[in-house]
Amino acid sequence: MFFKTKLIALAMLALVAVSWAHPGHDKSPQPDWIPQTELQQLFPEADDFAVLRVKDADQFFADVQKKLGRKLTASDLSTPMFKARKKDGQVLGYAWVGVVSIEKKANMLLVGTGLQNKVTGVILPENHPAAPKGAFLNQVKGKAANDDLKDVKADNAQQTAVVELVRQATVMLALASRE
């Protein structure tokens, strides 16, 4: 059941990712989609958000998969990433936006990291009763791309999915922010 739910969420992400800004594209025919309101929750002091792009998408994807130790789908690798900035251009941190399935419904998940690539916040903007909340989400604060997150206590499939996505996000953001 969890596998089927995950497949549905991944299919929805793949459809949405076509119009989202994502790491593999340096030029986009449409204006970049930026979830301003949600990103502002992660970085309230930011004045601006810009798409975080990678120079060599194929190498980036290979590096992400190597670091995670598993093969990812194109939709996994096409999740949009952003950098939060002050008016003067100073980068405050980075954000990753993905989709997690909660009770067979796709829900946006945002992961923010600071300049040291440690998680500063995780939010699920949709107010779903079964969505992981505060205490659970706070377990990942301070975690970095080198952390395997095995110490994060997940009590159900939704929480396990969130942990897996936070791990993916930290790896992707750490690699993309180096470029």
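**Notebook: a first walk through the chain**

I began with burial: of the 179 residues of the chain, 50% count as buried, where buried means under 20% relative accessible area, exposed means over 50%, and partly exposed lies in between (1.4 Å probe, protein chains only). I noted that this is a predicted model, in which local features need pLDDT of at least 70, side-chain atom pairs count only at pLDDT 80 or more, and totals for chains, interfaces and linings use all residues. Residues are numbered from 1 along each chain as its sequence is written, and side-chain values use heavy atoms, with hydrogens and water left out.

**Entry: confidence**

I looked up pLDDT, the predictor's confidence in each residue, from 0 to 100. Its mean over the chain is 82, and 81% of the residues reach 70 or more. Where is confidence lowest, and where is it highest? The lowest is helix α1 (residues 2–17), with a mean of 41, and the highest is β2, at 96. Over residues 2–29 pLDDT stays under 50, and the model has 47 contacts beyond four places in sequence for them; a contact means heavy atoms within 4.5 Å. I leave that stretch alone, because where pLDDT is low, the predicted coordinates should not be read in detail.

**Entry: the layout**

I found six helices and five strands. These are DSSP runs numbered from the N terminus: helices are H or I with at least four residues, strands are E with at least two. Along the sequence the pattern reads α-α-β-α-α-β-β-β-β-α-α. Of the contacts with a separation of 6 or more, 59% come from residues 24 or more positions apart.

**Entry: helix α3**

Next I followed α3, residues 57–68, which has 12 residues. From first C-alpha to last it reaches 16 Å, close to the 16 Å expected at 1.5 Å a residue; the expected span is 1.5 Å times one less than the number of residues. Which residues of α3 are buried? They are A57, F60, F61, V64, Q65 and L68. The face turned away from the buried side carries the exposed D58 and K66.

D56 caps the N-terminal end, with a side-chain oxygen 3.3 Å from the backbone nitrogen of D58. Just after α3, G69 takes a positive phi of about 75 degrees.

**Entry: the cores**

A nonpolar core is a set of buried Ala, Val, Leu, Ile, Met, Phe, Trp, Tyr and Cys residues joined through side-chain atoms within 4.5 Å. The largest has 38 residues, and F60, V64, M81, W96 and L109 have the most contacts inside it. Two or more residues each come from α3, β3 (91–102), β4 (105–113), β5 (119–123), α5 (134–138) and α6. With 12 residues, α6 gives the most. Apart from this core lies another, of 14 residues, among them L42, V51, V97 and M108.

**Entry: two positive phi values**

Most residues other than glycine have a negative phi, so I looked for departures. N117, in the loop between β4 and β5, has a phi near 60 degrees. L149, in the loop between α5 and α6, has a positive phi of about 65 degrees. Are they buried or exposed? N117 is buried, at 16% relative accessible area, and L149 is buried at 4%.

Note on methods: Polar contact = N/O pair within 3.5 Å; in protein donor to acceptor, adjacent residues only side chain to side chain.
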